[in-house]
Amino acid sequence: MSFWEYANPKKFMETSSWLLPWVAIGSLLCLVVGLIWGFFFTPDDFRQGSTVKIIYLHVPSALMAINAWLMMLVCSLIWIVRRHHVSALAARAAAPIGVTMTLIALATGALWGQPMWGTYWAWDPRLTSFLILFLFYLGYIALWEAIENSDTAADLTSVLCLVGSVFALLSRYAVNFWNQGLHQGASLSLDKEENVADVFYFPLLVCIAGFVLLFVALVLIRTRTEIRARRISALRARQRLNDTSPSATPKEA
Amino acid sequence: MIALLRRDLALTLRSGGGFGLALAFFLILVVLIPFGVGPQSELLSRIAPGVLWVGALLACLLSLDRIFQLDFEDGSLDLLATSPLPLESLALLKALTHWLTTGLPLTVAAPFLGVFLSLPGEAVVWLVSSLALGTPALSLIGAFGAALTVGLKRGGLLISLLVLPLYVPTLIFGAECVRRGAEGLAASTPLLFVAGITAGCVAALPFATASALRVNLR
């Protein structure tokens with residue numbers, strides 16, 4: 001029993017079909033509990049008022065925007081090194097979810113920025129690096145869509161993902177060079193004394209768990225769709241082959 | 001290798017466009033900016049570093065899809081791939097050709113165009129050195145983007161989208177270097193960063209470019 005067994009599409013489909021409902025239910029549960037808890041059962045912040053509640057969407061989506069890219073990076077590496085198709089398809093499946101998470105983070109950030117900073121958008125290092133991440137996602141998806149042969153597309157997008165990761169990291173530190181941040185520093189970390197107050201912290205953790213599970217569920221669904229689409233096109237190709245060569249006897253379906 | 005470099009240079013120069021197009025675009029952009037923002041010289045000199053760097057970057061972007069496209073279409077790229085020359089050196093050579101026909105002329109022209117934007121005199125040294133050190137990175141990244149999209153029919157728009165976020169760090173450090181130079185601050189730190197990006201690109205990107213080319217020639 002090793003991790004690489006899931007490189008077999010059949011094995012992956014079996015396990016994921018068993019896993020998917022649990023992940024989906026868990027995600028729904030966490031999100032419902034976390035959001036209701038966060039929105040209705042926590043006090044308003046003494047300076048920010050009720051706008052502080054945007055945090056329950058903003059922070060988890062921002063986290064997942066970065067983690068989705070990391071997952072794509074790992075999948076691309078696996079594809080390049082071991083050429084497992086499920087891995088390439090999972091990377092492809094994660095990209096639109098990642099871009100959506102980035103958009104949610106940017107949009108909720110803008111809505112939060114307007115009352116707090118008096119502006120929807122500022123060229124602050126964190127905001128800028130998210131915008132750049134958004135562009136990376138767009139380029140990655142566009143490259144997938146543009147290339148017809150799926151193996152070629154998987155190869156090229158993997159290379160792009162590797163190179164892009166280096167440059168994304170570089171941009172992340174390059175924008176720090178401007179030295180003008182409106183955005184606060186990290187408010188969540190495992191090794192720091194000062195986190196957000198506990199009232200906000202626990203519902204936020206539940207929301208983050210919900211977003212993680214939601215991401216896993218969506219990636220599973222989309223990967224399963226990709227695998228099925230791949231199978232259909234393979235079946236179609238076989239059918240065409242049978243149609244064009246009359247000598248071959250058509251197989252029982 | 002030298003023969004290949006001379007062939008590529010001759011092709012780019014004689015096919016028209018390649019050499020003059022980037023320069024003309026740069027000139028047009030720099031001349032149009034004052035019409036757009038008005039002729040106040042203090043405003044112009046403040047935005048000059050950014051405008052010059054953005055102009056150089058866009059001018060570079062203009063000719064990227066030609067790096068591999070023509071060779072791919074007439075089949076000479078296949079011949080070059082089967083020749084004893086490693087594909088990595090080919091990628092480096094193509095980027096070098098692109099730099100010699102766009103980056104280098106842009107660097108030479110930039111100080112003269114800086115006059116139009118009333119760029120402070122002390123910034124000219126930083127402008128030339130940051131462009132000289134930074135445009136090779138632009139060409140190398142561009143060659144990578146061109147290698148990714150070489151098999152596509154309409155790669156032009158896609159290549160801009162792919163390359164745009166990759167250009168960000170170089171642009172930030174390059175423009176920052178010139179801005180600091182213009183304000184009389186110490187500008188060598190961003191300049192070193194630009195040089196570092198270029199050095200890293202020279203070292204690593206030809207391999208990525210070559211692997212993308214291999215996939216596309218398969």
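Visitor: In what order do the elements of chain A run from the N terminus on?
Guide: They run α-α-α-α-α-α, where helices (H or I, at least four residues) and strands (E, at least two) are DSSP runs, numbered from the N terminus. This is a predicted model, in which local features need pLDDT of at least 70, side-chain atom pairs count only at pLDDT 80 or more, and totals for chains, interfaces and linings use all residues. Residues are numbered from 1 along each chain as its sequence is written, while chains are lettered from A and ligands numbered from 1 in the order in which they are written.

Visitor: Thanks! How many residues of chain A are in contact with chain B?
Guide: 21 residues of chain A are in contact with 18 residues of chain B; contact puts the C-beta atoms, placed from the backbone, within 7 Å.

Visitor: And which helix gives the most to that side of chain A?
Guide: That is α5(A), with 10 residues. Both α4 (125-146) and α5 (150-174) of chain A supply at least two residues each.

Visitor: New topic: where does Arg83(A) lie?
Guide: Arg83(A) sits in the loop between α2 (55-82) and α3 (85-117) of chain A. Its phi is near 50°, a positive value in a residue other than glycine.

Visitor: What about phi of Ser118(B)?
Guide: Phi of Ser118(B) is near 45°, also positive, and Ser118(B) lies in the loop between α6 (87-116) and α7 (123-148) of chain B.

Notes. Two residues are in contact if their C-beta atoms, placed from the backbone, lie within 7 Å.
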